[in-house]
Amino acid sequence: MAGLEDTEQPRGAARATAARWSPAIEDEHALKALELFGDPTEAEVPLPSRPESAATARRLAQVVVLRRWSLGPKLTEDTVLLVSELVGNAVRHTGARVFGLRMRRRPHWIRVEVRDPSRALPCLMPVRPLDLSGRGLFLVDKLSDRWGVDLLPRGKTTWFELRVSADRDPPRTG
């Protein structure tokens with residue numbers, strides 16, 4: 001998984017991976033990332049295609065979902081994990097120097113887009129229990145409500161959408 005290299009990954013439920021992530025600890029770093037790189041809800045944020053950019057993308061997603069949109073920790077956790085997976089694919093498989101991150105909100109939905117200059121389509125591979133890699137799109141497929149790829153004249157946008165509902169994740173209070 002992008003940004004979690006050299007970290008032993010738990011086996012079993014996909015959601016266990018994100019359990020170690022703590023919004024409180026990351027909050028200051030997330031606000032700094034927003035200040036340095038820009039707001040992905042206002043315009044596409046260009047990031048260098050390097051493994052360390054996954055951490056920046058996760059922080060941007062966190063601050064947008066928790067602070068800007070005032071959504072709950074479960075939805076934030078899922079968004080952060082899925083952003084990490086899409087960014088990891090863009091960094092590993094496209095040969096790009098830069099990729100773009102964009103986040104949108106409409107009633108009852110959030111959408112996250114990662115744009116890169118490659119027109120090669122991502123491939124959802126079957127996952128076996130002992131596989132050490134190749135789980136990115138599997139997680140996107142399992143945790144998102146919808147996902148897909150839009151081909152562009154120069155490249156593609158890989159996106160996922162998550163439904164915002166009271167039973168999935170109530171808004172934050174306080």
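# Briefing on a predicted single-chain model

His 108 is exposed, with a relative accessible area of 54%; here, exposed means over 50% relative accessible area, buried means under 20%, and partly exposed lies in between (1.4 Å probe, protein chains only). The structure is a predicted model, in which local features need pLDDT of at least 70 and side-chain atom pairs count only at pLDDT 80 or more, while totals for chains, interfaces and linings use all residues. Residues are numbered from 1 along each chain as its sequence is written, and side-chain values use heavy atoms, with hydrogens and water left out.

**Overall organisation**

- The chain contains four helices and five strands; helices (H or I, at least four residues) and strands (E, at least two) are DSSP runs, numbered from the N terminus.
- Read from the N terminus, the order of these elements is α-β-α-α-β-β-α-β-β.
- Of the 174 residues in the chain, 45% are buried.
- Among contacts between residues at least 6 apart in sequence, 67% join residues at least 24 apart; a contact means heavy atoms within 4.5 Å.

**Confidence**

- The mean pLDDT of the chain is 81, and 75% of the residues score at least 70; pLDDT is the predictor's confidence in each residue, from 0 to 100.
- Residues 1–19 have a pLDDT below 50, and this stretch has 33 contacts in the model beyond near neighbours in sequence.
- Confidence is lowest in helix 1 (residues 23–37), with a mean of 74, and highest in strand 3 (residues 109–116), at 97.

**Packing of helix 2 and helix 3**

- Helix 2 (residues 53–68) packs against helix 3 (residues 73–93) at an angle of about 150°, and their axes are 9 Å apart; axes are lines fitted to C-alpha atoms, for helices over the stretch in contact, and angles run from 0 to 180 degrees between N-to-C directions.
- The two helices, helix 2 and helix 3, are therefore roughly antiparallel to each other; angles under 35 degrees count as roughly parallel, over 145 as roughly antiparallel, 65 to 115 as roughly perpendicular and the rest as oblique.
- Helix 2 and helix 3 cross in a right-handed manner; a crossing is right-handed if the near helix is turned clockwise from the far one by less than a right angle, and left-handed if anticlockwise.
- Helix 2 contributes Ser 53, Ala 54, Ala 57, Arg 58, Ala 61, Gln 62, Val 65 and Leu 66 to the contact, and these meet residues of helix 3 including Leu 75, Val 80, Val 83 and Val 87.
- By class, the contact of helix 2 with helix 3 comprises 10 nonpolar, five polar and one charged residues; Ala, Val, Leu, Ile, Met, Phe, Trp, Tyr, Cys and Pro count as nonpolar, Asp, Glu, Lys and Arg as charged, and the others, Gly among them, as polar.

**Packing of helix 3 and helix 4**

- The axes of helix 3 and helix 4 come within 9 Å and cross at roughly 145°.
- The crossing of helix 3 with helix 4 is left-handed.
- Asp 78, Leu 81, Leu 82, Glu 85, Leu 86 and Asn 89 of helix 3 make this contact with Gly 136, Leu 137, Leu 139, Val 140 and Leu 143 of helix 4.
- The residues of the contact between helix 3 and helix 4 comprise seven nonpolar, two polar and two charged.

**Residues with a positive phi**

- Most residues other than glycine have a negative phi.
- Ser 70, which is not a glycine, has a positive phi of about 50°; Ser 70 lies in the loop between helix 2 and helix 3 and is partly exposed at 35% relative accessibility.
- His 108, likewise a residue other than glycine, has a positive phi near 70°, and its place is the loop between strand 2 (98–106) and strand 3.

**Buried residues and their contacts**

- Leu 101, in strand 2, is buried with a relative accessible area of 0%.
- The C-alpha atoms of Leu 101 and Val 45 are separated by 5.1 Å, although the two residues are 56 residues apart along the chain.
- Beyond its neighbours within four places in sequence, Leu 101 is in contact with residues including Pro 40, Val 45, Ala 57, Leu 60 and Val 112.
- Thr 56 belongs to helix 2 and counts as buried at 12% relative accessibility.
- Leaving aside neighbours within four places in sequence, Thr 56 contacts Ala 33, Phe 37 and Leu 47.
- Ser 118 is found in the loop between strand 3 and helix 4 (136–143) and is buried, with a relative accessible area of 13%.
- Apart from neighbours within four places in sequence, Ser 118 touches Thr 94, Gly 155 and Lys 156.
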